[in-house]
Amino acid sequence: MRIDVITLFPELVEQVIGCGVVGRAAERKLLELHCWNPRDYTRDKHRTVDDRPYGGGPGMLMKVQPLQDAISAVREKCPDARLVYMSPQGKPLTQQRLVRQVESGSVIFLCGRYEGIDERLIQREVDEEWSLGDYIISGGELAAMVCIDAMTRLIPGALGHDESAQQDSFSEGLLDYPHYTRPEEYLGDRVPPVLMNGNHRDIENWRQQQALGRTWQRRPELLQRIRLDARQQALLDEYIAESERTRKR
Ligand code: 9D3
């Protein structure tokens, strides 16, 4: 998969291929990352990339001409890619949106800086607008890097064997169960006994129950979206009954 990014901070975005899963995917040519800097398309001596908003007010916008020329240059290289503008006004990012994007192919991320970009440019050039969520960050770069990381994990072959086995497990749509490693006793706290006795069916049941129970406690809205089979419902009922017992004491 090829990903192009239009950004005033290419050296920041390029960091994403510097390590881990994304780094390995890039090394193995599963992912190709290209950055385009609007500053390289300026025509004035000072290489100006910002401009004042009509109507006044605080803050600046990205200057239209360098941005338009950068977009045109990328489009020439990847005419069929979807252009996604990262902005606080976008649809909140979800795993589903990322899956669909990876399935539909190449993408160009446009990273906003300052207060954003001219609305007419959005109308003419942008296919989709995505947000990380309802909080403020300083620009689209970190958001694009989040997307690149999440999308890379969905490229066939990008994850190691162990990582992809985990992804396929029952827990889809649920929060993860709690994990434990050595030592067996840490500051007086013991590892749950079920994990120590080697009965894999008991362990699997316990993990599934923990995943269900923690989702019920922390993110109940996630449970509404999935259908539980009878066994899962029984595990959750038992967890809820147990948590009500311990609450009363
Ligand atoms: C504080 C300035 N704002 C109100 C006057 C608007 C504003 C403009 C530009 C707020 C943030 C930004 C920069 N943010 C992004 O470009 C951005 C973003 C975000 O802030 N939150 C969640 N997702 C994203 S994706 C891009």
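Tutor: Helices here are DSSP runs of H or I with at least four residues, strands are runs of E with at least two, and both are numbered from the N terminus. The model under discussion is predicted.

Student: What makes the place of Leu175 a loop?

Tutor: Leu175 falls between helix H7 (161-168) and strand S8 (185-186). Pro183 lies in that loop between H7 and S8 as well. The peptide bond from Arg182 to Pro183 is cis, with omega near 5 degrees.

Student: Why is Leu175 called partly exposed?

Tutor: Its relative accessible area is 22%. Buried requires under 20% and exposed requires over 50%, so the value for Leu175 falls in between and the residue is partly exposed.

Student: Which residues does Leu175 touch, setting aside neighbours within four places in sequence?

Tutor: Contact requires heavy atoms within 4.5 Å. On that basis the partners of Leu175 are Ala211, Arg214, Thr215, Arg218, Arg219 and Leu222.

Student: Is Leu228 buried or exposed, and how do you know?

Tutor: Leu228 has 18% relative accessibility. The limit for buried is under 20%, so Leu228 counts as buried. Leu228 sits in the loop between helix H9 (220-224) and helix H10 (230-248). Beyond four places in sequence, its contacts are Leu212, Gln233 and Leu236.

Student: How far apart are Leu228 and Leu212 in sequence and in space?

Tutor: They are separated by 16 residues in sequence and by 9.5 Å from C-alpha to C-alpha. For Leu175 and Leu228 the corresponding values are 53 residues and 14 Å.

Student: Why is Ser131 called buried?

Tutor: Ser131 has a relative accessible area of 5%. That value is under 20%, therefore the residue is buried. Ser131 belongs to strand S7 (residues 128-131). Apart from neighbours within four places in sequence, Ser131 contacts Ser87, Pro88, Gly90, Lys91, Pro92 and Leu93.

Student: Which residues of helix H2 are buried?

Tutor: In H2 (residues 20-27) they are Val21, Val22, Gly23, Ala25 and Ala26. After H2 comes Lys29, with a positive phi near 65 degrees.

Student: What is noted about the phi of Arg47?

Tutor: Phi of Arg47 is positive, about 55 degrees, although the residue is not a glycine. Arg47 is in the loop between strand S2 (32-36) and strand S3 (50-51). Its relative accessible area is 37%, which lies between the 20% and 50% limits, so Arg47 is partly exposed.

Student: Why is Leu187 called exposed?

Tutor: Leu187 has 77% relative accessibility. Exposed means over 50%, so the term applies to Leu187. Leu187 lies in the loop between S8 and strand S9 (189-190), and its phi is positive, near 50 degrees, in a residue other than glycine.

Student: How does the radius of gyration of the protein chain stand against that of a compact globule?

Tutor: The chain has 23 Å, whereas a compact globule of 249 residues would have a value near 18 Å. The C-alpha trace spans about 70 × 45 × 40 Å along its principal axes.

Student: What domains is the chain divided into?

Tutor: The division gives domain 1 (2-152) and domain 2 (169-248). Their C-alpha centres lie 39 Å apart.

Student: How much of the chain counts as buried?

Tutor: The share is 40% of the 249 residues. The chain exposes about 15700 Å², and carbon and sulfur atoms supply 48% of that area.

Key:
Residues numbered from 1 in each chain as written. Predicted model: local features only at pLDDT ≥ 70, side-chain atom pairs only at ≥ 80, totals over all residues. Heavy atoms only, no water. Rg over C-alpha atoms; globule rule 2.2 N^0.38 Å. Buried < 20%, exposed > 50% of the residue type's maximum accessible area, 1.4 Å probe, protein only. Areas by Shrake-Rupley, 256 points an atom, 1.4 Å probe, with all protein chains shown as cover. Domains from an automatic or database assignment.
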